[in-house]
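Subject: Structure for you, with notes

Hello,

Here is the structure I promised to hand over. My notes on what was found follow below it.

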Amino acid sequence: MNFSSIQFIFLFLPLFVLVHALTKGKLQNLTLLFGSILFYGFAVGGHYEWIVLLLLSSVASYFIGLLIEVGKGRYRKAMLLAGVLFHLAVLCLYKYSDLWISLFSGLLEGGDSSTGVLLPLGISFYTFKNLSYLHEVYAGRVVAEKSFIDFSAYLMMFPQISMGPIQTYESFQPYLHDRKVTLSGINSGVTEFILGLGLKTIFANRLGSVFSGIETIGYDGISTPLAWLGVISYSLQLYFDFYGYSLMASGIGEMLGYQTPKNFDYPYTATSMTDFWRRWHMTLGTWFKENVYFPLGGSRCSTVKHYRNLFVVWVLTGVWHGNTVTFLLWGLFLFAVIAIEKSGVLNKVIQHKFWSHVYMIPLILLSWTIFRLPTFGDLGVYVTRLFPFFGETPEYVSPTDWVKYAKGVGGLMVAGILFSTPLPRKLFEKIRNKPLVSVPILLVIFWYAVYLAACGANDPFLYFNF
């Protein structure tokens with residue numbers, strides 16, 4: 001079960017919103033906790049040991065937070081270090097076993113290096129929430145939560161457990177102890193949920209067919225136009241998949257009486273890679289700034305240390321997203337581009353309204369190419385398809401193989417490019433408070449999305465894998 005499944009839309013969500021609205025005071029957090037465990041149990045598909053792992057994670061952070069609160073001096077730092085090491089050890093055990101084996105065995109192509117260890121749903125996200133909470137308590141920004149139920153409700157709340165956004169305890173604490181469900185909040189939340197559902201099912205799921213077709217053909221068997229079509233479609237698929245989820249999570253939050261931090265701000269309109277990562281997965285960027293970049297010194301240090309801090313952040317960003325060496329390469333690529341931008345040599349390009357976008361579009365596509373492909377070998381082959389002057393095109397490759405895919409999703413890709421800009425949202429906001437116009441539009445989006453889900457286009461969210 002996930003946010004775009006029929007069971008969630010018509011059964012779990014309306015029943016939970018109703019029960020949550022009818023409960024008052026401290027019972028609200030108990031309801032949120034119980035409902036979140038129930039949702040997680042359905043979502044993990046039989047891997048109920050992952051629920052135990054999630055509960056263990058919550059217990060560890062709850063007690064370590066209390067120990068940090070009452071401790072003094074080196075003891076507080078020791079408790080913080082113990083909590084960080086515990087959560088990172090669990091994350092590394094599940095997420096990076098294959099990577100360690102690959103590095104030590106030299107098997108960078110996967111296959112024989114696999115341990116078969118499955119990644120628990122949401123572990124990357126709730127691990128970062130745990131680490132953030134412990135750091136907030138240590139830094140004195142929040143008082144350690146005394147109620148285990150309240151803390152667990154924050155950590156496990158189902159709108160964010162599987163894919164974020166990564167909401168800090170400091171920002172959620174006011175809602176944890178005073179959450180009011182209103183009809184206007186439910187109405188606004190339902191609107192955001194429908195818009196997110198539409199982006200996920202209408203755009204993301206259907207655009208995914210292009211790269212799936214490329215994988216079936218084989219990377220070495222595609223033409224250059226199809227290679228570029230695949231990268232563009234995947235870039236749009238990834239954006240609408242995660243942005244759609246974030247809107248749905250935000251909408252559910254409004255239905256439950258709290259605000260979710262903004263996670264996307266039209267990143268494909270960015271004028272630099274630095275700007276892009278201020279707009280993409282914003283809560284992750286904020287987490288790295290507050291928990292890694294600033295503690296290392298940020299930019300308020302020597303030039304050498306500044307670049308060192310950037311290097312650490314982007315290497316960690318890469319390996320956080322995945323357990324293959326190409327994710328590390330992806331992080332290094334982002335560091336290299338951002339480091340060049342920080343040097344100032346590209347200022348004239350970045351500050352130009354037109355050339356900044358000409359500069360960014362191919363960089364975004366190239367970065368997602370590295371992100372998408374699992375091995376160096378696959379990446380090497382795909383690059384020769386993107387840039388055929390790097391290698392010879394096999395004779396069996398059809399130069400018109402892209403036509404079928406362009407006919408199938410070409411119009412959707414053009415619409416996707418438009419919807420990745422602020423224009424459609426600005427137009428919708430003008431009619432949002434006009435029910436005679438907005439309600440029919442929302443109903444069409446909702447029922448078309450439900451139709452696609454019922455027809456089997458209900459693909460899982462991509463960031464479930466991270």
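pLDDT is the predictor's confidence in each residue, on a scale from 0 to 100. Please keep in mind that this is a predicted model, with a mean pLDDT of 91 over the protein chain. Of the residues, 93% score at least 70.

Confidence

In residues 107-113 the pLDDT falls below 50. Setting aside near neighbours in sequence, that stretch still has 12 contacts in the model.

Cavity

The count of cavities of 30 Å³ or more comes to 1. The volume of the largest cavity is about 60 Å³. Which residues line it? The lining is made up of Leu53, Leu56, Ser57, Phe86, His87, Val90, Tyr126 and Thr127. At least two lining residues come from each of helix H3 (49-70), helix H4 (74-95) and helix H6 (123-139). By type, the lining has 5 nonpolar residues, 3 polar ones and no charged ones.

Salt bridges

There are 9 salt bridges in the structure. As background, side chains of opposite charge can pair when their charged atoms come close.

One of the salt bridges is between Asp241 and Lys200, with 2.7 Å between the closest N and O atoms. This pair ties together distant parts of the chain, since Asp241 belongs to helix H11 (residues 224-256) and Lys200 to helix H10 (residues 183-217), and the two are 41 residues apart. Asp241 has a relative accessibility of 1% and so counts as buried. Lys200 is buried as well, at a relative accessible area of 0%.

Another joins Lys262 and Asp265, with an N to O distance of 3.4 Å. Here Lys262 is exposed, its relative accessible area being 52%. Asp265 is partly exposed, at 26%.

A further salt bridge pairs Arg279 with Asp275, at 3.1 Å from N to O. These two residues sit 4 residues apart in helix H12, so about one helical turn separates Arg279 from Asp275. Arg279 and Asp275 are both buried.

Backbone

Most residues other than glycine have a negative phi, and most peptide bonds are trans. The following places depart from that.

The peptide bond between Gly164 and Pro165 is cis, with omega at about -5°. Pro165 is found in the loop between helix H8 (158-161) and helix H9 (169-177).

Tyr266 has a positive phi, near 50°, although it is not a glycine. Tyr266 is located in the loop between H11 and H12. With a relative accessibility of 14%, Tyr266 counts as buried, because the cut-off for that class is under 20%.

His281 also has a positive phi, near 45°, and is likewise a residue other than glycine. The loop between H12 and helix H13 (282-296) holds His281. His281 is buried, with a relative accessible area of 1%.

Two further residues

Thr317 is part of helix H14 (residues 303-321). Is Thr317 buried or exposed? At 3% relative accessibility, Thr317 is buried. Apart from neighbours within four places in sequence, Thr317 has contacts with Phe288 and Trp330.

Ser343 belongs to helix H15 (residues 325-343). With a relative accessible area of 42%, Ser343 is partly exposed. Between the C-alpha atoms of Ser343 and Tyr307 there are 9.8 Å, while along the chain these residues are 36 residues apart.

When you look through the model, please treat residues 107-113 with the pLDDT below 50 in mind.

Regards

Definitions and conventions. Residues are numbered from 1 along each chain as its sequence is written. This is a predicted model: local features need pLDDT of at least 70, side-chain atom pairs count only at pLDDT 80 or more; totals for chains, interfaces and linings use all residues. Side-chain values use heavy atoms; hydrogens and water are left out. On a 1 Å grid over the protein atoms alone, a cavity is a set of points where a 1.4 Å probe fits but cannot get out, and a pocket is an open set with protein on both sides within 12 Å along at least five of seven lines; lining residues have an atom within 4 Å of a point. Grid points are joined across faces, edges and corners, and a volume is the space filled by probe spheres set on the points. Ala, Val, Leu, Ile, Met, Phe, Trp, Tyr, Cys and Pro count as nonpolar, Asp, Glu, Lys and Arg as charged, and the others, Gly among them, as polar. Contact means heavy atoms within 4.5 Å. A salt bridge is a side-chain nitrogen of Lys or Arg within 4 Å of a carboxyl oxygen of Asp or Glu. Buried means under 20% relative accessible area, exposed over 50%, partly exposed in between (1.4 Å probe, protein chains only).
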